[in-house]
Amino acid sequence: GELDGLIGTKHPMGWLQAPTSAVLFSTEKILFNEIDSLVKVFRQRNEQLTLKLKIGIKPFQDEEQILKKILEKIPSNSLLRLDANGGLTRQEAKLWANKFRHEKRLEWLEQPLAPRDFEGLLLLSKEMPIALDESLLADPLLCNKWLDWQVRRPALEGDPRILLRELQNGIGFRMVSSTFETGIGRRWIDHLAALQQKGPTPTAPGLAPGWCPNSQLFSRIPEEVWESA
């Protein structure tokens, strides 16, 4: 793609810089003072805060209370994503839907059920926004069928030009996500995330800020990545 000038230094756009990412938390290690600090920073920047919370780690009642505390702290224009990584049963997913489907700040419930439980996911999507993640890797044909949100991981899909073409054609309901690729791949991720912001359904990418290792392997300078590798 770079050699053909579809992206990068040979393309008129060059390399676009990624927009502000969603911030990733886990119910296993939630620190409410960190959320208070985040809210303050995003208010100072006059930016919308998007939080992503990993669920399905603790009992539902415990995570429900954590989520309620978070909702008390974040502004009304914030967005919240709940990601179960395919770890919920249909009954557990129904609990989450019943409790929070009317919460306006809830952007989506991400991969609540096992990747291949397409029937269950489809039924749940009629009650609240559902984003597919692992399901898209288990069955790539779903990228052409699923009309709700898709968490797209170009580094794992094998050919990032597919998503590039979709975004250039103005196809919506795609969210670009990192899989801790090297700095060479990360340039693509940042560029695609910036393109997504220009499309019909802009949303914060999932770039896991603060979770990526700090080394030259993840540098945005290709020569440093090669030397490190």
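Predicted model: local features only at pLDDT ≥ 70, side-chain atom pairs only at ≥ 80, totals over all residues.
Entry 1, conventions. I number residues from 1 along each chain as its sequence is written.

I looked up the strand order and found an open sheet of 5 strands, β1-β2-β3-β4-β5, with parallel pairing. The edge strands are β1 (23-26) and β5, each pairing on one side only. Strands are DSSP runs of E of at least two residues, and helices are runs of H or I of at least four, numbered from the N terminus; two strands pair if DSSP finds at least two bridges between them.

I find 4 bridges between β1 and β2 (residues 50-54), in the parallel sense. Leu24 has Lys52 in β2 as its bridge partner.

Entry 4, β4. I checked burial (under 20% relative accessible area; exposed is over 50%, partly exposed in between; 1.4 Å probe, protein chains only). In β4 (residues 106-110), 5 of the 5 residues are buried, so the strand is largely enclosed by the rest of the structure.

I find β3 (residues 79-83) parallel to β4 over 4 bridges, with Asp83 opposite Glu110. On β5 (residues 130-131), 2 bridges join the strand to β4, again in parallel, and Glu110 stands opposite Ala131.

Key:
Heavy atoms only, no water.
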